[in-house]
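Thanks, everyone. I have one structure to go through today, so let me put it up on the screen.

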Amino acid sequence: MNASALFDRYAQVYEEALQAGLRISGEQSAYFATRRMEETDKALRRIDPSLARHKAIDFGCGTGGSTQLLNEKLGFATVYGLDVSPISLSIATERFDDSLLTFQNIEDYSVSQDADLVFSNGVFHHIPPPKRHGSLTYIHSALKPGGLFVLWENNPWNPGVHYIMRAIPFDHNAKKVFPHAAIQMLRKAAFSIVQLRFFFVFPRSVAFLRTIEPAVSRLPLGAQYQIIAVKKR
């Protein structure tokens, strides 16, 4: 089943299906979505404090949660949510009736090298490996020279990730992306790597330990990793 059909199938129950896997963490999906934005914002302020926040793209936006947060939490004036699932896009449009947010099929979006940032969470493990370079080329073409790509993916080196993905029905057959493979793909697509960090080490049951996560973010312990890459000028 291709990604369009798969996510059309689960679009109406996306949050429930996602929570089936996240239950082991003791957290709701909103916790992870907010943390990803907070960590992305911290990194952007450190890496490029002068980065324009005019336009962002949420690549593989699903039902739009991250698209809205790119506007609300990161302050991008205009955000495009792109996906291959028509039903997911329809739900996103209904959820977020906001003139600052636009939801479109990836094939219908006009790539014009004008985005300051492209954000993508948990998308590339659903893209067949032979097609990943094409997706990265598309993202590269959507960015301004010097624009940033923020990639979040599940960390195959974390044992809990395998349990979580088996428990999420739309992740059963996903092909996990190892961090070193992601870096190689990005470099092949003419990106320069700015940083690699790992997040979500501790479940809610030992949340008091989360204060040490920044100190161990360079170690491959967390359930997700974040790569920030820049389009070469």
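Predicted model: local features only at pLDDT ≥ 70, side-chain atom pairs only at ≥ 80, totals over all residues.

Seven strands make up an open sheet, and reading across, the order is E3-E2-E1-E4-E5-E7-E6. The pairing is mixed. At the edges sit strand E3, residues 101–105, and strand E6, residues 191–199, and each of these pairs on one side only. From one strand to the next, the twist averages 20 degrees.

As a reminder, strands of a sheet pair through backbone hydrogen bonds, either parallel or antiparallel. If you want a place to look, find lysine 55, whose bridge partner in E2 is threonine 78.

Now the helix. Which strands does helix H3 lie across? Helix H3 covers residues 29–47, and it lies across strand E4 (115–121), strand E5 (143–154), E6 and strand E7 (224–231). Relative to E6, the helix runs at about 135 degrees.

H3 and E6 come up again in the second largest pocket, where each supplies at least two residues of the lining. That pocket has a volume of about 270 Å³. Its lining has 14 residues, and those nearest the centre are Glu39, Lys42, Phe199, Pro214 and Ser217. Which element gives the most to this lining? That is H3, with five residues.

How values were computed
Residues numbered from 1 in each chain as written. Heavy atoms only, no water. Pairing = 2+ DSSP bridges. Helix = DSSP H or I, 4+ residues; strand = E, 2+ residues; numbered from the N terminus. Axes fitted to C-alpha atoms, helices over the stretch in contact; angles between N-to-C directions. Contact = heavy atoms within 4.5 Å. 1 Å grid on protein atoms, 1.4 Å probe; cavity = no way out; pocket = protein on both sides within 12 Å on 5 of 7 lines; lining within 4 Å. Points joined across faces, edges and corners; volume = space filled by probe spheres on them.
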